[in-house]
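Hi,

Here is the model we talked about, with the sequence alongside.

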Amino acid sequence: MKVDVLTYLALAAVSFVAMVTGGRSSSRRKHKDVFLGENSKFKFGGGRNQITVLLKSSNLLRLLNHRDTHCAPIPVGIDVQVESIDSISEVNMDFTMTLYLRHYWKDERLAFPSGNNQSRTFDSRLVKKIWVPDVFFVHSKRSFIHDTTKENIMLRVYPDGKILYSVRVTVTALCSMDFSSFPLDTQNCSLELESYAYNENDLMLYWKNGNDSLRTDEIVLSQFFIEHFQASSGLAFYSSTGWYNRLFITFILRRHIFFFMLQTYFPTMLMVVLSWVSFWIDRRAVPARVCPPFLFTYYLFIPSTFNASQAMAFDGCFHDNDIELTTFPRLAPTLTSDPLTSPTQSSDMHPTEGTRLRRQRSVRENVDLLVNNSYMIDSYSRLAFPLSYLLFNTIYWSMYS
């Protein structure tokens, strides 16, 4: 009887031990699964190549636990590849850029054993379960992460805990432009990156490879030349939260001049040359002197103010029958000081012998002399006009180019 009781007790003990052992093994098998969604999970083959149970722990979302082994701020390297500059708006003073933004940091909690030292790559579903830097674009108006056909997010974990986090972003940011030299202007724009929540005591942003951290594809714009891109860094201070690391992507834009040369500079230069030709035409041929520059100005600037019938009926010149002319009596210059003396009386008056009269002409007399000798104006203008225009161009292009 006692033997039977002892046998039953031994069997019960063995069954209990088996149940406990089986529960633990099933629990371990369960923790080998990495859950990335509610109804899906990734299984890594057993042994050493697996991400541990820490992926399911909420501690991965906490920066403080990550800093337990670091007294200094967590270094986060950044590199950027600019895919395109989609638009530049002078009206809104902004630009739109598409780029690949990559983050590099190390989290020992994600380290896993690997025999061949191969990394593991995940999509955006794992990003929600771990801590990632909260980098944002300063002075941005709009931005979004591309999601065709899935969210353009990549997370790569290395066996030693190093992480690569890459996103494809389009951002519209402010660019303060100066149009004082338009259309010979050069604009300096920058895209700025910064951590939103963590100041320099918690997180340190830096360019991973220095100036080589900024790479660009071949970018062609319709109105601008891109002279160069430059990566730089600095600090930003906020009175309520302190100092933050800030990264700058600076690029210089120089406007295309060919369009404005064709539409603005060349027509105005041609108009000035036609005006200069008028000085070589006989001064008595008034329509021939007036019509060429006026016709050019009319067809260049004024057609929008007339309808088609008026523009076709007007030949570009004013004729004598279109203008009411009134004759004015011509006043001959006098040499007497008395304005009441008639010209006949003044002709009889002669200076006494041995004296010489000399007086300064009045303004009216100078004007009459200039009008009577108008050919002198043409002679001087043929040389003074092109010289003054050449001097103007020298000053203009030296200041604005």
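The axes of H4 (residues 258-277) and H9 (residues 375-400) cross at roughly 160° and come within 10 Å. Axes here are lines fitted to C-alpha atoms, for helices over the stretch in contact, with angles from 0 to 180 degrees between N-to-C directions. Helices (H or I, at least four residues) and strands (E, at least two) are DSSP runs, numbered from the N terminus.

Before you read on, some ground rules. This is a predicted model, where local features need pLDDT of at least 70 and side-chain atom pairs count only at pLDDT 80 or more, while totals for chains, interfaces and linings use all residues. Residues are numbered from 1 along each chain as its sequence is written, and side-chain values use heavy atoms, leaving out hydrogens and water.

Back to the helix pair. On the H4 side, the contact (heavy atoms within 4.5 Å) includes Met 261, Tyr 265, Met 269 and Trp 276. Among their partners in H9 are Arg 382, Phe 385, Tyr 389 and Trp 397. By type, the contact residues split into 10 nonpolar, three polar and one charged. For that count, Ala, Val, Leu, Ile, Met, Phe, Trp, Tyr, Cys and Pro are nonpolar, Asp, Glu, Lys and Arg are charged, and the others, Gly among them, are polar.

In the model, residues 257-281 are 80% helix and 0% strand, with the end C-alpha atoms 35 Å apart. The unreviewed entry also gives "domain: Neurotransmitter-gated ion-channel transmembrane" for residues 264-290; that span is 70% helix and 0% strand, and its end C-alpha atoms are 22 Å apart. UniProt positions follow the numbering used here, feature names are shortened, and annotations may be inferred rather than shown by experiment.

Now the strands. Four of them make an open sheet in the order S6-S10-S14-S13, with antiparallel pairing (two strands pair if DSSP finds at least two bridges between them). S6 (135-138) and S13 (224-238) are the edge strands, each pairing on one side only. Neighbouring strands in this sheet are turned by 25° against each other on average, direction ignored. S10 (residues 186-195) and S14 (residues 242-255) share nine bridges, and Leu 193 has Leu 247 as its bridge partner in S14. Between S13 and S14 there are 14 bridges, including His 228 with Ile 252, and a hairpin of three residues connects the two strands.

How many disulfides are there? The structure holds one (a pair of cysteine sulfur atoms within 2.5 Å). Cys 175 and Cys 189 form it, with their sulfur atoms 1.9 Å apart. The link is left-handed, at -75° about the S-S bond. Cys 175 sits in the loop between S9 (162-174) and S10, and Cys 189 lies in S10 itself, 14 residues apart.

Phe 182 and Pro 183 are joined by a cis peptide bond, omega about 5°, and Pro 183 is in the loop between S9 and S10. The bond from Thr 148 to Thr 149 is also cis, with omega near -5°. Met 93 is not a glycine, yet has a positive phi of about 55°.

Cheers
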